[in-house]
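Here's a quick briefing to read alongside the structure. Keep the viewer open and click through the residues as they come up.

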Amino acid sequence: MNTTDAKRVLETALICAPQPLSVRELGTLFDMEVSADTLKTLLADLQLEWTGRGVELVQVATGWRFQSRPELRPYLDRLHPEKPPRYSRAAMETLAIIAYRQPVTRGDMEDIRGVTINSLIIKQLEDRGWIEVIGHRETVGRPALFATTRQFLDDLGLASLDQLPPLDGSEVQESALDRLDFESLANSLPSDAPDVDAPESDLLVVADPPATDPISPPSDPQLLEPSTQEDHDPGSNSPQPD
């Protein structure tokens, strides 16, 4: 098979795939007769060929995918206008801390935020597939250690944690919240997703959710200010221990 035909096969498979495809999965298209290095070269060529079009080929954590360019989202949104989802500021702050300080315990997160974290926030992030328990710290109580997942990177349009915006200082709560692309994450969640109980002033309202490409990163990140109020658990009046 010549290079042109091989790229056509890759292009077709990636356009038709419902999720990103890894290099190993793409290799099965050719009965593993094409090396991984050759596949990566062909994928790089395809990226160049799609430059300037409304759709781009990108590499994310779980593989390669085609997605619409962020600047075209306002036009695509008109096909399926939806009510923007709402997220608690506490959930976004907690996610940012995990992303930049992982692995961390719930106690670590509470020390950084300065408030008790609602147990429902952790569950919401786990249910969405953005965080997971990767172990336990060998200390009193053996608290769970949380880290972000590949799904989290996919939803941000990133291939690895190294591509997260760098921090200028050591203060995660002040720097990470301004740099992490929360709008992209918020846009990737279904519009009917339940909210974590939080005061009206503690909710992030994300406008213009995409229709055809819900996980492509927007051009301007949503800026947040650190939360100053305690997260209340509707099912309990006392904070949950680590």
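Of the chain's 242 residues, 45% count as buried. Bear in mind that this is a predicted model. The chain folds into 10 helices and six strands. Its accessible surface comes to about 12,700 Å², and carbon and sulfur atoms make up 49% of that. As for how the chain folds back on itself, take the contacts with a separation of 6 or more: 67% of them are between residues 24 or more positions apart.

**Helix α5**

- Helix α5 covers residues 89–101, and its 13 residues should span 18 Å at 1.5 Å a residue; the C-alpha atoms at its ends are 18 Å apart, so the model agrees with expectation.
- Of those 13 residues, 12 are buried, so the rest of the structure largely encloses α5.
- The buried ones are R89, A90, A91, M92, E93, T94, L95, A96, I97, I98, A99 and Y100.
- T94 counts as buried because its relative accessibility is 0%, and the cut-off for buried is under 20%.
- Who does T94 contact, leaving aside neighbours within four places in sequence? Its partners are M109, R113, I117, I121, I122 and L125.

- L26 belongs to helix α2, which runs over residues 23–27.
- With a relative accessible area of 0%, L26 is buried.
- Not counting residues up to four places away in sequence, L26 touches L10, L14, L21, L39 and L43.
- One of those contacts is L39; the C-alpha atoms of L26 and L39 are separated by 7.9 Å, with the two residues 13 apart along the chain.

**Around W50**

- Searching the whole structure for aromatic pairs turns up one.
- That pair is W50 and F66: the ring centres are 4.7 Å apart and the planes sit at 55°, so the pair counts as tilted.
- W50 is in the loop between α3 (36–49) and β1 (55–60), while F66 is in strand β2 (residues 63–68), so the pair ties together parts that are 16 residues apart in sequence.
- Are these two residues buried or exposed? W50 is buried, with a relative accessible area of 12%, and F66 is also buried, at 15% relative accessibility.

**Salt bridges**

The count of salt bridges comes to eight. Here are some to look up.

- K7 with E49:
  - The closest N and O atoms of this salt bridge are 2.4 Å apart.
  - K7 is in helix α1 (residues 3–16) and E49 is in helix α3, so to speak a link between distant parts of the chain, 42 residues apart.
  - K7 is buried, with a relative accessible area of 14%, whereas E49 counts as partly exposed at 38% relative accessibility.
- R69 with E56:
  - Here the side chains meet in a salt bridge at 3.0 Å, N to O.
  - R69 is in the loop between β2 and α4 (73–77) and E56 is in strand β1, so the pair ties together parts that are 13 residues apart in sequence.
  - Both partners, R69 and E56, are buried.
- D155 with R128:
  - In this salt bridge the closest N and O atoms are 3.3 Å apart.
  - D155 is in helix α8 (residues 150–156) and R128 is in helix α7 (residues 119–128), so the pair ties together parts that are 27 residues apart in sequence.
  - D155 counts as buried at 1% relative accessibility, while R128 counts as partly exposed at 23%.

Notes
Residues are numbered from 1 along each chain as its sequence is written. This is a predicted model: local features need pLDDT of at least 70, side-chain atom pairs count only at pLDDT 80 or more; totals for chains, interfaces and linings use all residues. Side-chain values use heavy atoms; hydrogens and water are left out. Helices (H or I, at least four residues) and strands (E, at least two) are DSSP runs, numbered from the N terminus. The expected span of a helix is 1.5 Å times one less than its number of residues. Buried means under 20% relative accessible area, exposed over 50%, partly exposed in between (1.4 Å probe, protein chains only). Contact means heavy atoms within 4.5 Å. Rings of Phe, Tyr and Trp (its six-membered ring) pair if their centres lie within 6.5 Å; planes under 30 degrees apart count as stacked, over 60 as edge-to-face and the rest as tilted. Accessible areas come from the Shrake-Rupley method with a 1.4 Å probe; for residues, only the protein chains shown count as cover. A salt bridge is a side-chain nitrogen of Lys or Arg within 4 Å of a carboxyl oxygen of Asp or Glu.
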